[in-house]
Amino acid sequence: MIIRGKYKGETGIIKRVIRSQNRVIVEGKNLVKKHIKQGPGHEGGIFTVEAPLHASNVQVLDPVTGKLCKVGYKYLEDGAKVRVSRGIGASGSILPRPEILG
(Lines give C-alpha, C1' and ligand atoms only; values in the text may rest on other atoms or scores of the structure.)
Protein backbone atom coordinates (compact mmCIF):
# COMPACT_ATOMS: atom_id res chain seq x y z
CA MET A 1 0.00 0.00 0.00
CA ILE A 2 1.18 3.49 -0.79
CA ILE A 3 1.18 5.65 2.35
CA ARG A 4 2.38 9.03 0.98
CA GLY A 5 1.94 11.15 -2.14
CA LYS A 6 -0.55 11.38 -4.99
CA TYR A 7 -1.52 7.69 -4.80
CA LYS A 8 -1.92 7.58 -0.99
CA GLY A 9 -4.19 4.77 0.19
CA GLU A 10 -4.02 2.77 -3.06
CA THR A 11 -2.67 -0.75 -3.22
CA GLY A 12 -0.64 -2.48 -5.90
CA ILE A 13 1.88 -5.21 -6.51
CA ILE A 14 5.57 -4.35 -6.21
CA LYS A 15 7.12 -5.27 -9.55
CA ARG A 16 10.74 -4.37 -8.79
CA VAL A 17 12.96 -3.20 -5.97
CA ILE A 18 15.88 -0.93 -6.91
CA ARG A 19 18.15 -1.24 -3.88
CA SER A 20 20.85 1.15 -5.12
CA GLN A 21 18.32 4.01 -5.20
CA ASN A 22 16.13 2.73 -2.32
CA ARG A 23 13.08 2.78 -4.61
CA VAL A 24 10.30 0.42 -5.69
CA ILE A 25 8.12 0.20 -8.79
CA VAL A 26 4.44 -0.46 -8.04
CA GLU A 27 2.36 -1.98 -10.83
CA GLY A 28 -0.08 0.56 -12.32
CA LYS A 29 0.85 3.44 -9.96
CA ASN A 30 2.92 6.62 -10.33
CA LEU A 31 2.41 6.72 -14.10
CA VAL A 32 4.39 9.33 -16.06
CA LYS A 33 4.69 10.22 -19.74
CA LYS A 34 8.06 9.40 -21.25
CA HIS A 35 9.17 10.85 -24.58
CA ILE A 36 11.31 8.36 -26.49
CA LYS A 37 13.26 9.31 -29.61
CA GLN A 38 13.01 7.00 -32.58
CA GLY A 39 16.08 4.94 -33.32
CA PRO A 40 17.16 1.92 -35.29
CA GLY A 41 15.14 -1.09 -34.19
CA HIS A 42 12.52 0.75 -32.13
CA GLU A 43 9.74 3.24 -32.67
CA GLY A 44 9.62 6.60 -30.94
CA GLY A 45 6.71 8.42 -29.35
CA ILE A 46 5.15 9.31 -26.02
CA PHE A 47 4.71 6.32 -23.72
CA THR A 48 3.16 5.95 -20.27
CA VAL A 49 5.54 4.20 -17.88
CA GLU A 50 5.62 3.46 -14.14
CA ALA A 51 8.09 5.67 -12.28
CA PRO A 52 9.79 4.46 -9.09
CA LEU A 53 8.52 5.50 -5.64
CA HIS A 54 10.79 5.91 -2.64
CA ALA A 55 10.70 2.84 -0.41
CA SER A 56 9.69 4.91 2.64
CA ASN A 57 6.42 5.82 0.90
CA VAL A 58 5.14 2.24 0.64
CA GLN A 59 4.30 -0.39 3.23
CA VAL A 60 3.53 -4.09 3.00
CA LEU A 61 -0.01 -5.43 3.51
CA ASP A 62 -0.61 -8.61 5.47
CA PRO A 63 -2.01 -11.14 2.95
CA VAL A 64 -4.39 -12.67 5.53
CA THR A 65 -5.76 -9.66 7.45
CA GLY A 66 -5.32 -6.98 4.75
CA LYS A 67 -3.82 -4.55 7.31
CA LEU A 68 -0.48 -2.74 7.15
CA CYS A 69 2.39 -4.69 8.69
CA LYS A 70 6.14 -4.72 9.09
CA VAL A 71 8.42 -7.40 7.67
CA GLY A 72 10.26 -9.85 9.88
CA TYR A 73 12.32 -12.95 9.15
CA LYS A 74 11.94 -16.50 10.36
CA TYR A 75 13.63 -19.84 9.69
CA LEU A 76 11.46 -22.80 8.73
CA GLU A 77 12.07 -26.38 9.91
CA ASP A 78 14.04 -27.17 6.73
CA GLY A 79 16.37 -24.20 7.38
CA ALA A 80 14.92 -21.86 4.71
CA LYS A 81 14.81 -18.18 5.65
CA VAL A 82 11.42 -16.57 4.83
CA ARG A 83 9.79 -13.15 5.27
CA VAL A 84 6.84 -13.02 7.68
CA SER A 85 4.35 -10.28 8.61
CA ARG A 86 4.87 -8.63 12.02
CA GLY A 87 3.19 -5.95 14.09
CA ILE A 88 -0.17 -5.24 15.67
CA GLY A 89 -2.93 -7.21 13.97
CA ALA A 90 -0.49 -9.15 11.79
CA SER A 91 -1.09 -12.84 11.18
CA GLY A 92 2.56 -13.92 10.99
CA SER A 93 2.02 -15.42 7.53
CA ILE A 94 4.77 -15.82 4.93
CA LEU A 95 5.25 -12.87 2.53
CA PRO A 96 6.42 -13.39 -1.08
CA ARG A 97 9.69 -11.76 -2.15
CA PRO A 98 9.63 -9.17 -4.98
CA GLU A 99 12.09 -9.20 -7.89
CA ILE A 100 15.23 -7.26 -6.91
CA LEU A 101 17.36 -5.09 -9.21
CA GLY A 102 20.84 -3.89 -8.20
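View 1. The side chain of Lys15 meets that of Glu50 in a salt bridge of 2.8 Å, N to O; the term stands for a side-chain nitrogen of Lys or Arg within 4 Å of a carboxyl oxygen of Asp or Glu. Because Glu50 lies in strand 4 (residues 45-50) and Lys15 in strand 1, the pair ties together parts that are 35 residues apart in sequence. Strands (E, at least two residues) and helices (H or I, at least four) are DSSP runs, numbered from the N terminus. Glu50 itself counts as partly exposed, at 22% relative accessibility.

Residues are numbered from 1 along each chain as its sequence is written. Because the model is predicted, local features need pLDDT of at least 70 and side-chain atom pairs count only at pLDDT 80 or more, while totals for chains, interfaces and linings use all residues, and side-chain values use heavy atoms, with hydrogens and water left out.

**View 2. The salt bridge between Glu10 and Lys29.** A search of the whole structure finds two salt bridges, and one of them joins the side chains of Glu10 and Lys29 at 3.0 Å, N to O. Glu10 belongs to the segment before strand 1, whereas Lys29 sits in the loop between strand 2 (23-26) and strand 3 (31-36), so that the pair links distant parts of the chain, 19 residues apart. Glu10 is partly exposed at 31% relative accessibility, while Lys29 is buried, with a relative accessible area of 15%.

**View 3. Asn30 and its surroundings.** Asn30 lies in the loop between strand 2 and strand 3, and with a relative accessible area of 18% it is buried. A polar atom of the Asn30 side chain lies 3.3 Å from the backbone oxygen of Pro52. Leaving aside neighbours within four places in sequence, Asn30 is in contact (heavy atoms within 4.5 Å) with Tyr7, Val49, Glu50, Ala51, Pro52 and Leu53. The C-alpha atoms of Asn30 and Lys6 are separated by 7.9 Å, although the two residues are 24 apart along the chain; Lys6 counts as exposed, at 73% relative accessibility.

**View 4. The largest nonpolar core.** Seven residues make up this core, namely Ile2, Tyr7, Val17, Val24, Val26, Leu53 and Val58. A nonpolar core is a set of buried Ala, Val, Leu, Ile, Met, Phe, Trp, Tyr and Cys residues joined through side-chain atoms within 4.5 Å. In soluble globular proteins, nonpolar side chains tend to be buried together. Not counting residues up to four places away in sequence, Val26 touches Gly12, Ile13, Ile14, Glu50, Leu53 and Val58.

**View 5. The open sheet and Leu95 in strand 9.** Four strands form an open sheet in the order 6-7-8-9, with antiparallel pairing, where two strands pair if DSSP finds at least two bridges between them. Strand 6 (60-61) and strand 9 stand at the edges with a single partner strand each, so one side of each is left without a neighbour in the sheet. Strand 7 (residues 68-75) and strand 8 (residues 81-86) pair over six bridges. Leu95, placed in strand 9 (residues 94-95), is buried, with a relative accessible area of 5%.

Definitions and conventions
Buried < 20%, exposed > 50% of the residue type's maximum accessible area, 1.4 Å probe, protein only. Polar contact = N/O pair within 3.5 Å; in protein donor to acceptor, adjacent residues only side chain to side chain.
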